[in-house]
Amino acid sequence: MGVVGVVAVVWAAARREAEVRRARVVMGGGLGAAAVPGWRGAVERWWGWGRARPEWGCAVAGAVIGVAGASPLPLLLGLGAVPGAARARRAREARRERERHGDAVIRMCGLMAGEVRAGRQPGEALAVAARESDALPGARGAGVVAAARFGGDVAGALREAARRPGAEGLHGLAACWRVAVDRGAGLAAGLDRLAGALRAERDQRADLQAQLAGPWSTAVMLAGLPALGLLLGSAMGAQPLRVLLHTGAGVGCLVVGGALEAAGLWWAVRIVRGAEGCGRGS
């Protein structure tokens, strides 16, 4: 049944792709991507969708195991694992986005310090550094640049822009700006010290992640040992899938083992995230 469902979905997607292509041609939308043959276009469409949502590989793996074991249970388990895998993917993407924003802020501080030393006014230096570093995109960045050019509250605009995850270093830039404006202190020197502090904090996080890579790899390897055991059992002719999927004791072992496996992975993730949080707060 799982194979029939997958085939039906692929066939429906291919048919829809062909209809959309014909509609584009009739409406004068040109050929372009619509000129791709039906099955090829559907495969490319599904390939791109799968790369954007790799968590659905759990469902695909469950369907394959279900076909091999002649049971729908692996497919159901794979579908149940999709939300957790999607949440992990979103968390990983958010972490990468925070790191990218932090690097952009460090680059902006360095560029702004160089522009100030080159003789530019602070407002012009801020605008140039923001444009070249991409640290202030969107409406908040436009508000900061506008405040710098027209004499607005630059420090307040920077603090508002610092609400974006990963851009917390803009709080330090706002403080440097406030001190330079109120007390006439050297802005370039303060920016250099701020960039150095942010760079040291980033390197500390990178070093901590490198140290945690070993324990995390060990946890992942231990989590994959049951799958290796199933492969070895199948190679030896023991038919572990038939025992796990078609006997009461096997189903019970599968449920209990899966729950323990999920609990172990959750605990390992919690330990690693807790260590990263302690390193970030130090």
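These questions and answers go through a predicted model.

Me: Which helix gives the largest share of the lining of the largest pocket?
Reply: The largest pocket holds about 2100 Å³ of space and is lined by 46 residues. Elements that give two or more residues to this lining are α3 (57-69), α4 (73-117), α9 (187-235), α10 (240-246) and α11 (248-281). The largest share, 14 residues, comes from α11.

Me: How many residues in the lining of the largest pocket are nonpolar?
Reply: Cys-58, Ala-81, Glu-261, Ala-262 and Leu-265 are the lining residues nearest the centre of the pocket. In the lining, eight residues are polar and eight are charged. The nonpolar residues number 30.

Me: Is Ser-133 buried or exposed?
Reply: Ser-133 lies in helix α5 (residues 122-133). Its relative accessible area is 1%. Buried means under 20%, so Ser-133 is buried.

Me: Which backbone oxygen does the side chain of Ser-133 reach?
Reply: Leaving aside neighbours within four places in sequence, Ser-133 is in contact with Ala-104, Arg-107, Met-108 and Leu-111. The side chain of Ser-133 also reaches a backbone oxygen at 2.6 Å. That oxygen belongs to Ala-129.

Me: What is the angle between the planes of the aromatic pair Trp-266 and Trp-267?
Reply: A pair of aromatic rings is described by the distance of the centres and the angle of the planes. A search of the whole structure finds one aromatic pair. Trp-266 and Trp-267 form this pair, 6.0 Å centre to centre. The pair is tilted, and the angle between the planes is 50°.

Methods
Residues are numbered from 1 along each chain as its sequence is written. This is a predicted model: local features need pLDDT of at least 70, side-chain atom pairs count only at pLDDT 80 or more; totals for chains, interfaces and linings use all residues. Side-chain values use heavy atoms; hydrogens and water are left out. On a 1 Å grid over the protein atoms alone, a cavity is a set of points where a 1.4 Å probe fits but cannot get out, and a pocket is an open set with protein on both sides within 12 Å along at least five of seven lines; lining residues have an atom within 4 Å of a point. Grid points are joined across faces, edges and corners, and a volume is the space filled by probe spheres set on the points. Helices (H or I, at least four residues) and strands (E, at least two) are DSSP runs, numbered from the N terminus. Ala, Val, Leu, Ile, Met, Phe, Trp, Tyr, Cys and Pro count as nonpolar, Asp, Glu, Lys and Arg as charged, and the others, Gly among them, as polar. Rings of Phe, Tyr and Trp (its six-membered ring) pair if their centres lie within 6.5 Å; planes under 30 degrees apart count as stacked, over 60 as edge-to-face and the rest as tilted. Buried means under 20% relative accessible area, exposed over 50%, partly exposed in between (1.4 Å probe, protein chains only). A polar contact is a pair of N or O atoms within 3.5 Å; within protein, one must be able to donate a hydrogen and the other to accept it, and residues adjacent in sequence count only if both atoms are side-chain atoms. Contact means heavy atoms within 4.5 Å.
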